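Here is a friendly walk through the strands and helices of a protein chain. Please keep the 3D view open as you read.

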Amino acid sequence: MTALLDVKDLQRHFDGVRAVDGVSFEVQPHEVVSIIGPNGSGKTTTLNLVTGTIPAHGGTIALDGARIDHAKTVDIAEHGIARTFQNGRVFATLSVADNIEVGIHSQLHAHRPFRRLSHVFLLRWIPLLAELFVAVFGTPAARRERAEIDRVIDREVDRFESRLGPRRDDPAYTLSYANRRRTEIARALALQPKLLVLDEPTAGMNQSETAEVLAQLLELKAAGQAILLVEHKLDLVMTVSDRVIVMDGGRIIAEGDPQSVRTDPAVIEAYLGRRRETPGSDSGEEGPA
Ligand SMILES: Nc1ncnc2c1ncn2[C@@H]1O[C@H](COP(=O)(O)OP(=O)(O)OP(=O)(O)O)[C@@H](O)[C@H]1O
Ligand SMILES: [Mg+2]
């Protein structure tokens, strides 16, 4: 069986810091894989490489057997990887609905005629003019596509109905922090990605908000969604993951099912070592990752 995501010997350094140093792992179709590890161990950098946010300095990444390690972020998204960011990124002045719509912008056809020409410098004006024409006059195809966009927005708002439903047309800057993060997840899911990549989706959330996100992740998992998750809250990680990868110093130091990773001496050492260095950093619920 071809792995959904196949990462081999991934490398990335920053001014001599080996942020990701020979990382290899796979995510199978429908699998939920979590990456945990202490601060600065290379988790976010790994996600940035997989999603094409930054280029790798070595190694290969394949999605469904096709290499994506030199592809542009937008093409990777179109191939089926959607993500959220550690610090949460939504467009503050856009409404919840418009933020979700942004997620599927790359997939629009009728609203973006001749979009392939936008890559050709001298011919960029053609798709711009054509987009303007469609926006002003409309076409039957654009109206059908508009209905489809609205259906996708409804589907994603419904996913977080009690939270985002009443906020659908509110600008993102008026939302609570948790609702901004939900909007970001909804935007990623709008693409119906093959692989959903989440960087600390519950960071800054309280216990009940975290429990809500866990319930949503379990629902996605039950529906067969493959997920690559970076998360500090170990209870959540252990509940939702099929497999856990532990990073330290840019390398994978352990990998396996949640139970075996939890009792792995190398993992305990990496965690307990940091814990002694940063007394008071452990809140009990959160791991020191
Ligand atoms: N853009 C950058 N420029 C310079 N150094 C960077 C950059 N991004 C990451 N690093 C460094 O790479 C290493 C790994 O960082 P990364 O953000 O991947 O860690 P992390 O495991 O996600 O940590 P955290 O749990 O705190 O989010 C760190 O030493 C970090 O300082
Ligand atoms: Mg990080």
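The report below goes from the sheets to the helix packing and then to a single residue.

This is a predicted model, in which local features need pLDDT of at least 70 and side-chain atom pairs count only at pLDDT 80 or more, while totals for chains, interfaces and linings use all residues. Residues are numbered from 1 along each chain as its sequence is written, and chains are lettered from A and ligands numbered from 1 in the order in which they are written.

Helices (H or I, at least four residues) and strands (E, at least two) are DSSP runs, numbered from the N terminus, and two strands pair if DSSP finds at least two bridges between them. An open sheet is built from 4 strands in the order 2-1-4-5, with antiparallel pairing. Strand 2 (17-27) and strand 5 (66-67) are at the edges with a single partner strand each, so one side of each has no neighbour in the sheet. His13 has Arg18 of strand 2 as its bridge partner. Helix 1 (residues 43-50) lies across strand 1, strand 2 and strand 4 (58-63), at about 120° to strand 1.

| Strand pair | Sense | Bridges |
|---|---|---|
| Strand 1 (residues 5-14) and strand 2 | antiparallel | 8 bridges |
| Strand 6 (residues 81-83) and strand 7 | parallel | 3 bridges |
| Strand 7 and strand 8 (residues 226-230) | parallel | 5 bridges |

Ile81 has Leu195 of strand 7 as its bridge partner, and Leu196 has Ile227 of strand 8. In strand 7 (residues 195-199), 5 of 5 residues are buried (20 or more other C-beta atoms within 10 Å of their own, placed from the backbone). Leu195, Val197 and Asp199 point one way, whereas Leu196 and Leu198 point the other way. In a regular strand the side chains alternate between the two faces of the sheet.

Now for the helix packing. Helix 3 (residues 96-103) and helix 5 (residues 140-159) pack at about 115°, with axes 10 Å apart; the axes are lines fitted to C-alpha atoms over the stretch in contact, and angles run from 0 to 180 degrees between N-to-C directions. Helix 3 is therefore roughly perpendicular to helix 5 (65 to 115 degrees). Val96, Ala97, Ile100 and Glu101 of helix 3 make the contact with Ile149, Ile153, Glu156 and Val157 of helix 5, where contact means C-beta atoms, placed from the backbone, within 7 Å.

Finally, Leu218 lies in helix 8 (residues 207-222). Leu218 counts as partly exposed because it has 14 C-beta neighbours inside 10 Å, between the limits of 12 or fewer for exposed and 20 or more for buried.

Methods
Two residues are in contact if their C-beta atoms, placed from the backbone, lie within 7 Å. Angles under 35 degrees count as roughly parallel, over 145 as roughly antiparallel, 65 to 115 as roughly perpendicular and the rest as oblique.
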